[in-house]
Amino acid sequence: MMRRFLLIATPYFWLLALFLVPFAIVFKISLSDAAIARPPYMPQFDWAEGIRAFISQLDFENFVFLTEDDLYWKAYLSSLKIALISTVLTLLVGFPMAYGMARAPTEWRPTLMMLIILPFWTSFLIRVYAWMGILSNEGYLNSVLMWLGVINEPLVILNTNIAVYIGIVYTYLPFMILPIYSTLERLDGSLNEAAEDLGCSRFSAFWLVTVPLSRPGIAAGSFLVFIPALGEFVIPSLLGGSGTLMIGKVLWEEFFSNRDWPVASAVAIILLLILVIPIVLFQRNQQKQQEAEQ
Amino acid sequence: MTVSEFEPWNDPEAKPLIHFQNVTKRFGDFTAIDDLTIDIYEKEFYALLGPSGCGKTTLMRMLAGFETPTEGTIQLAGQDIVGVPPNKRATNMMFQSYALFPHLSIWENIAFGLRREGMAKDKINDRVEEMLRLTRMEKFARRKPHQVSGGQRQRVALARSLAKAPKLLLLDEPLGALDKKLRQDTQFELMDIQEKTGTTFVIVTHDQEEAMTVASRVAVMDHGQIKQVATPAHIYEAPNSVYVADFIGEVNIIDGTASPNGEDTYAVKWCDNHAPLNAASPLPFSEGQKCHLAIRPEKVSISADKPEGAANMVQGKVHDIAYLGNISTYYVELPTGAIIKAQTANTRRIARRSFTWEDTVWLSWTATAGVLLAE
């Protein structure tokens with residue numbers, strides 16, 4: 001009985017300690033006021049004054065502020081747009097790769113899988129820096145294109161949204177490929193043969209059978225890319241320019257440059273609320289898939 | 001009412017629906033189909049029977065268009081179909097795994113092929129309803145394939161492949177996934193549907209009982225070659241080789257040398273200490289030619305006393321008894337060490353069986369009971 005309780009309690013404890021408690025702290029800060037102090041907000045809880053006085057000093061001022069300055073909602077919208085576009089781009093790049101892997105001879109598949117995972121062995125930061133080397137005006141891409149005579153002037157890619165898209169697609173590609181690959185790999189090849197036998201061309205068999213049946217994988221992959229891309233900070237701050245507005249970057253600046261912890265916390269809380277929707281959808285997708293398999 | 005025999009293969013005027021001419025199929029070094037020529041006639045229920053790896057599935061996939069022959073031609077109703085893709089052929093296939101589309105309802109599965117033809121909506125409705133009625137699946141039309149039983153899935157697969165009214169329906173081990181009882185019921189249902197729709201069926205199976213039950217003709221295959229094509233009765237009673245005799249049902253094979261001793265009868269010398277066996281054969285054998293005498297166990301009589309006036313008799317000891325309820329198979333060991341199987345119907349109560357293990361018994365059979373085979 002005790003053992004069972006411990007077993008079930010572990011994930012809940014994990015959630016409590018590493019999600020709910022930090023969330024409560026961040027939420028409390030978001031209701032506080034900025035102060036030139038250490039830590040840089042107030043009120044601090046004081047036993048002498050009691051809990052009532054403490055709570056009375058909290059307010060939603062910072063959340064109201066977020067609606068007043070259009071920087072914030074623009075940053076949220078821009079993040080949503082960038083996350084959405086890069087999810088679609090990742091899908092367009094990832095699906096053919098997953099399809100190719102699933103169609104490859106069985107003995108090749110572990111190698112191909114290895115190649116997909118291999119980039120994770122290098123630090124994410126180093127890989128993003130490497131892209132700066134490739135995409136900059138004097139970078140490898142421009143050198144090769146100019147050497148080939150395709151262009152006369154270097155293309156300005158680094159510090160634009162294009163570089164951010166390239167960075168996100170590159171970084172999150174494995175998260176798109178792996179779930180799609182795992183659904184495609186399990187598909188019975190005779191389904192496509194049956195479709196062809198019943199009058200489909202190769203392409204329409206693919207469109208009417210393979211694509212609908214890989215939908216759970218496409219959904220899982222898209223969520224796995226969309227959710228982290230929405231709050232992405234490193235890629236836009238390294239590859240993006242001054243014109244790239246993303247909420248992760250705004251959050252960082254609010255926190256470290258302005259040292260306005262309460263506003264930064266409010267930004268984080270809203271970001272979390274926005275993310276809850278796709279996360280719930282993702283969970284439901286996973287659940288549906290599991291039910292279908294039973 | 002007179003029942004005319006359905007034997008287009010004996011009619012020299014009849015045009016075959018399917019004609020394989022010297023078809024060879026190689027996969028790398030492996031020859032799956034070896035210079036094969038067969039005819040399949042309209043309205044036939046043609047069974048391809050053989051062990052796994054004998055090439056029967058390759059043959060069927062060539063008919064469906066999933067494989068092209070390395071050499072030779074395949075004609076469907078007089079037209080060469082080599083190189084015609086599967087979606088342009090008047091054939092449909094029922095897959096071993098059924099290959100039902102899991103994301104579509106049973107109704108949509110059956111309508112799938114009709115929609116690809118661009119058929120009018122109300123016509124599709126009528127046709128799907130007709131197919132659902134034929135396979136008694138009307139009640140399940142809205143369900144998804146995973147919501148019905150294995151036997152029902154099998155019927156949906158059949159309905160889907162029949163919906164486009166193909167000239168030729170290919171069935172790849174259609175009953176393999178069903179349990180024995182359901183399989184037997186379904187066999188008769190298949191025959192019934194074949195008769196009702198008048199479609200030519202080609203069935204691939206490794207189950208000889210199934211092939212014998214459903215087929216008008218059975219083709220026994222081995223190593224990419226057809227060993228014999230005949231009606232089930234003919235293939236059982238008059239196999240043309242030891243391979244076929246052994247593959248279809250149970251059989252005793254006695255090796256020996258033949259010497260003619262009358263019109264179409266031969267004495268088969270099989271052992272130095274025993275009198276030769278008498279066997280009739282329409283096929284000629286020369287003096288001293290090696291031969292194999294094949295006798296079905298149910299054609300061998302077993303008795304405790306020496307039988308009178310039998311053409312062939314040998315004495316032996318009951319080595320083993322396989323009791324199957326309705327029949328028993330006796331494994332009788334001859335003094336030479338060879339085992340002969342004899343089968344009898346258990347018309348008496350088991351307690352009143354006249355012999356048991358280790359008893360000495362006589363086996364006897366007539367001269368026409370066995371088949372004399374050269375190979």
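The conversation below takes up the terms in turn.

Modeller: This is a predicted model, in which local features need pLDDT of at least 70, side-chain atom pairs count only at pLDDT 80 or more, and totals for chains, interfaces and linings use all residues. Residues are numbered from 1 along each chain as its sequence is written, while chains are lettered from A and ligands numbered from 1 in the order in which they are written.

Biologist: Why is helix 2 of chain B called mostly covered?

Modeller: A residue is buried if 20 or more other C-beta atoms, placed from the backbone, lie within 10 Å of its own, exposed if 12 or fewer do, and partly exposed in between. In helix 2 (residues 106-116) of chain B, 8 of the 11 residues are buried, so the helix is described as mostly covered. Among them are Trp107(B), Ile110(B) and Phe112(B). Helices (H or I, at least four residues) and strands (E, at least two) are DSSP runs, numbered from the N terminus.

Biologist: What do the buried residues of helix 2 of chain B pack against?

Modeller: They pack against helix 3 (121-134) and helix 4 of chain B, where two residues are in contact if their C-beta atoms, placed from the backbone, lie within 7 Å. Helix 2 of chain B is followed by Gly118(B), whose phi is positive, near 75°.

Biologist: What makes strand 6 and strand 10 of chain B edge strands?

Modeller: Two strands pair if DSSP finds at least two bridges between them. Strand 6 (91-94) and strand 10 (225-230) of chain B each pair on one side only, and therefore count as edges. The open sheet has 6 strands in the order 6-7-8-3-9-10, with mixed pairing.

Biologist: How do you know that strand 3 and strand 9 of chain B pair?

Modeller: Strand 3 (residues 45-49) and strand 9 (residues 217-222) of chain B share 4 bridges in the parallel sense, which meets the requirement of at least two, so they are a pair. Within this pairing, Leu48(B) stands opposite Ala219(B).
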